[in-house]
Every structure is written in structure tokens, then in C-alpha cells.
Protein chains: 2
Amino acid sequence: MSYQLYYWTGIQGRGEFVRLALEEAKAAYVDVARQEGDEVMNTWLNGEHEGALPYAPPFLTSGRLVIAQVANILQYLAPRHGLIPESEAKRLYAHQLQLTIADLVAESHDVHHPVGAGLYYEDQKDEAKRRAKEFRESRIPKFLHFFENVVERNGGKHALREFTYADLSLFQVMSGLGYAFPKAMARQKLPLLRDLAKRVADRPNIAAYLASERRLPHSEDGIFRHYSELDA
Amino acid sequence: MSYQLYYWTGIQGRGEFVRLALEEAKAAYVDVARQEGDEVMNTWLNGEHEGALPYAPPFLTSGRLVIAQVANILQYLAPRHGLIPESEAKRLYAHQLQLTIADLVAESHDVHHPVGAGLYYEDQKDEAKRRAKEFRESRIPKFLHFFENVVERNGGKHALREFTYADLSLFQVMSGLGYAFPKAMARQKLPLLRDLAKRVADRPNIAAYLASERRLPHSEDGIFRHYSELDA
């Protein structure tokens with residue numbers, strides 16, 4: 001059975017966290033909007049299908065299930081594809097980490113859109129500079145040193161002592177923030193997270209994915225955007 | 001067995017979503033910081049305990065489990081206390097709705113702190129006014145009409161056709177936004193959500209909770225803050 005993933009074309013965005021899990025698992029999936037265009041998502045968002053109503057992409061269909069919200073999708077996929085062990089404590093912990101990553105991703109977006117997602121970056125550049133200063137000096141260190149600490153507590157190699165989908169998501173965060181804030185990131189001492197991200201990138205299925213055309217480049221249309229004025 | 005809830009004293013905040021579930025279930029719990037002071041949370045946040053490391057309050061301990069992130073806590077509690085049916089589709093849907101509520105809650109906070117949580121409101125008042133305009137005119141309608149639509153699709157009485165913890169969380173969102181943005185909320189046509197919120201408030205365990213001293217009032221220290229200049 002194949003999954004259908006629905007996400008905006010042209011960017012990695014939040015959909016990328018789901019793609020990484022599907023690719024690591026070598027799960028059969030169709031990236032539907034990339035095949036048929038973004039409009040294909042409208043019938044779902046407009047409520048023309050049975051089942052759960054998604055608020056926004058990404059969402060995944062699996063048989064008759066409609067599953068929206070990245071962390072919810074990953075929590076659904078992970079036990080079906082060996083991306084999380086049986087332990088309830090580990091599943092709760094992985095999900096907590098994924099939700100904390102979601103908070104960091106939302107803040108990474110709001111750095112370039114502090115006044116509102118509906119306005120252009122150019123119309124909120126001054127506010128973005130103020131917010132970026134706090135993001136670089138306070139938020140990036142707080143979040144990433146938390147994750148570094150989690151990895152250290154769990155043996156230094158993985159978020160949770162063995163490989164799980166949380167490692168894939170930490171890789172993606174390191175990739176995105178490294179693209180958007182190369183100077184600020186260079187100042188962070190995060191040996192375990194950097195090593196973890198490198199080992200994720202070297203996993204055969206992930207390495208194949210990253211080398212494929214399916215992996216789009218980071219860009220200034222995505223969540224993690226590089227504007228040199230925000231990375232002073 | 002009793003749960004231990006850890007959350008900042010003095011505000012409803014994100015902890016309130018967990019309290020509502022515990023109160024509806026008449027579950028035994030200790031609101032630990034309210035007994036012992038906010039400092040009691042530090043040993044957890046500093047990593048001095050076994051188990052999952054929370055990034056921030058609220059977190060809940062249940063036996064040896066440490067569970068952080070509101071949606072994660074609710075997803076753990078709900079099946080144990082009859083706040084969600086057995087159906088996998090319904091559990092995924094309720095969790096999706098809770099995560100969408102979490103996104104709305106985060107935006108409700110950022111309205112008064114668009115430049116950063118580390119700065120005072122007074123130092124970002126102009127930016128807050130700009131962001132509040134978009135929040136009132138675009139974000140509140142988009143989120144709440146989505147939830148209104150969900151209730152309508154599921155029979156008009158509940159988020160999910162029968163009572164679940166998602167109803168409790170929708171009540172809390174309506175309560176908070178109604179406090180913070182009374183004028184903007186009065187302009188929204190949300191008959192089903194308003195009726196749902198009223199019926200949640202009338203549930204015996206919730207009514208008793210809301211009338212108790214355990215339910216703190218909304219205030220300008222919380223997430224949902226009323227500043228008249230942001231509710232033009």
C-alpha cells in the first residue's frame with residue numbers, strides 16, 4: 001500500500017520532516033502535489049473528502065485515514081516502519097522532542113515574518129532584524145543546547161539511545177538552521193548534534209535521498225531562509 | 001495513583017489545557033508548583049531526574065514517566081480517562097486538532113510579543129499593533145472558522161461527534177480569545193463553537209472547577225492578554 005503525501009511544491013518546508021521518515025523507511029509514497037500541482041490539495045482543505053479535515057499541509061493519507069500535522073504523521077508512521085521502538089516511554093519522549101522541534105521550526109519561520117505571515121518580508125525587515133537578534137542570541141542556543149543535552153544524556157549518539165525518527169528531524173533542523181544562520185550556527189558548540197546530523201546524512205537511504213532530485217535545495221521561499229542581514 | 005502536574009504558578013497558560021482534562025476526569029493530581037513554588041520545576045528542567053528531559057513546563061509525571069508538551073500529555077491522559085474513544089482515526093484527528101490549537105495558542109502569545117519573548121511588551125508595542133491587525137483580521141477567522149467547520153462536519157455538537165478532550169481545549173481557546181479580543185471575537189459568526197464552549201462550561205466537573213479557586217482568572221501575565229490597543 002502506498003501513502004499519499006500532500007505538501008506545497010517547490011520547497012522543503014514542513015513536509016521535509018515527513019519525507020525524511022518515508023525515505024529512511026523506503027516506504028512507498030506519492031508526493032501528490034509534485035505530480036499534480038498544488039491545486040490538488042484544495043479539495044482536501046475545502047472539505048470535499050471524507051475523514052479528518054486538515055488545517056494546512058502537510059497531510060498524509062493512508063488508506064481511509066487522513067492525518068495532518070507533522071508530529072502526528074511521524075508518530076503514525078514511525079512504529080509501522082521501525083523508526084521507534086515499542087517502549088511507551090520512548091514513544092512519548094520522541095514525540096515530545098518532535099513537538100519541541102515543531103516549536104523551533106515555527107520560530108525559525110517567524111524570524112523573517114515577525115509581524116505576520118500575510119505580509120512580505122520586505123515590509124517587516126526592520127522588525128525581522130530585531131527578532132533575529134533574539135533568535136540568534138537566545139533562542140537558537142536555548143533550543144539546540146537542550147537537544148545537545150538530550151543526546152548526551154542518552155549516550156551521545158542518538159536522541160534516544162538508538163536510532164529513531166527524532167534523529168531524522170534533528171538532522172533537518174541542523175541542516176535548515178545551518179543554511180539560514182551560518183554565522184550564528186558556527187558560534188554554537190554542539191559536537192554531539194553535529195556528529196548526529198552527519199551520521200544521519202550518511203545513512204544509505206538518506207544519503208541516496210539527499211543526492212536525488214527529490215531533495216530540493218533550501219531557499220528563500222522555505223521556512224529556513226538565509227538573509228545575511230538576519231545573521232549578523 | 002496521583003499525577004504530578006508541573007506548570008508556572010499564577011497563570012492559566014498552557015497548563016490549563018492539561019488541568020481541564022484532569023478536572024473533567026476527576027483524576028487525582030497535584031499541581032506541584034502551586035504547592036511548592038516555581039523553583040520546584042528547576043531540578044526537572046536542569047536534568048537532575050531520570051527519564052525524559054522537558055524543554056519547558058507544562059510537564060506531567062505519571063509513575064516513572066515524564067511527559068512534556070501539552071498535546072503529548074493530553075494524548076497520554078485521554079484514553080486512560082475516557083476522554084477519547086478507541087478509534088485510531090478519532091485519536092489521530094483529536095491529536096491533529098490539539099496540535100492546531102497549539103499553533104493558535106503560540107500565535108496568540110506572539111501577538112503581544114512579536115519581536116521576542118525575551119523583551120517586554122512595552123518595548124514591542126508598535127510591532128504588536130501591526131501583528132494584532134493581521135491576527136484579528138486574518139488568523140482568528142481562519143483558525144476559528146476551521147474549527148467551526150470541523151464541528152459542523154461532525155454533527156454540530158462536538159469536535160468529534162462525541163465528547164472528547166478536543167472539546168475541552170476548544171472551550172479554553174474560546175475563553176482565552178474572548179478575554180483577549182472581545183471586540184474582534186464579537187465580530188465572528190461562530191454559533192457552533194460558542195454553543196460547544198457553553199456546554200463544556202456546564203459539564204458538572206468543569207463547572208465545579210471553573211467556580212473553584214483552582215481556576216485562576218485570565219490576566220496580562222498569561223498567554224491570552226487583553227490590551228485594548230490590540231483589539232481595535
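**Entry 1: the domains of chain A.** I began with how chain A is divided, and I found domain 1 at 3–80 and domain 2 at 88–202. I am working from a predicted model, and I keep that in mind throughout. I looked up the centres of the two domains of chain A, taken over C-alpha atoms, and they are separated by 22 Å. Domain 1 of chain A brings 14 residues to the contact, and domain 2 of chain A brings 14 residues as well.

**Entry 2: what lies between the domains.** How much area is buried between domain 1 and domain 2 of chain A? I read about 1100 Å², with 73% of it from carbon and sulfur atoms. On the domain 1 side, A:Phe17, A:Leu20 and A:Ala71 together supply 43% of the area buried against domain 2 of chain A, more than any other three residues. I then checked for salt bridges between these two domains of chain A and counted zero. For polar contacts between them, I noted two residue pairs, both at pLDDT 80 or more.

**Entry 3: the elements on the domain 1 side.** I listed the elements of chain A that give two or more residues to the side of domain 1 touching domain 2: α1 (15–24) and α4 (70–80). Of these, α4(A) gives the most, with seven residues. Sorted by class, that side of domain 1 of chain A has eight nonpolar, three polar and three charged residues.

**Entry 4: the two chains.** Next I superposed chain B on chain A, which takes a rotation of 180 degrees with 0.0 Å of shift along the axis, at an RMSD of 0.0 Å. I wrote this down as the relation of a two-fold axis. In chain B, the C-alpha nearest that axis belongs to B:Pro114, at 2.7 Å. The same surface serves both copies, as 100% of the contact residues of chain B recur in chain A.

**Entry 5: the interface of the chains.** I found 46 residues of chain B in contact with 46 residues of chain A. Chain B and chain A bury about 4000 Å² between them, and 51% of that is on carbon and sulfur atoms. How many salt bridges cross the interface of chain B and chain A? I get six by the rule. One I looked up by name is B:Arg131 with A:Asp110, whose closest N and O atoms are 3.8 Å apart. I also noted 31 residue pairs in polar contact across the interface of chain B and chain A, both residues at pLDDT 80 or more.

**Entry 6: who supplies the chain B side.** In chain B, β4 (65–68), α4 (70–80), α5 (88–112) and α6 (125–153) each supply at least two residues to the side touching chain A. α6(B) gives the most to that side, with 11 residues.

Key
Residues are numbered from 1 along each chain as its sequence is written. Chains are lettered from A and ligands numbered from 1 in the order in which they are written. This is a predicted model: local features need pLDDT of at least 70, side-chain atom pairs count only at pLDDT 80 or more; totals for chains, interfaces and linings use all residues. Side-chain values use heavy atoms; hydrogens and water are left out. Copies are superposed by least squares on the C-alpha atoms of residues with pLDDT of at least 70 in both. Contact means heavy atoms within 4.5 Å. Buried area is the accessible area (1.4 Å probe) that two parts lose on being put together, summed over both. A salt bridge is a side-chain nitrogen of Lys or Arg within 4 Å of a carboxyl oxygen of Asp or Glu. A polar contact is a pair of N or O atoms within 3.5 Å; within protein, one must be able to donate a hydrogen and the other to accept it, and residues adjacent in sequence count only if both atoms are side-chain atoms. Helices (H or I, at least four residues) and strands (E, at least two) are DSSP runs, numbered from the N terminus. Domain bounds come from an automatic or database domain assignment. Ala, Val, Leu, Ile, Met, Phe, Trp, Tyr, Cys and Pro count as nonpolar, Asp, Glu, Lys and Arg as charged, and the others, Gly among them, as polar.
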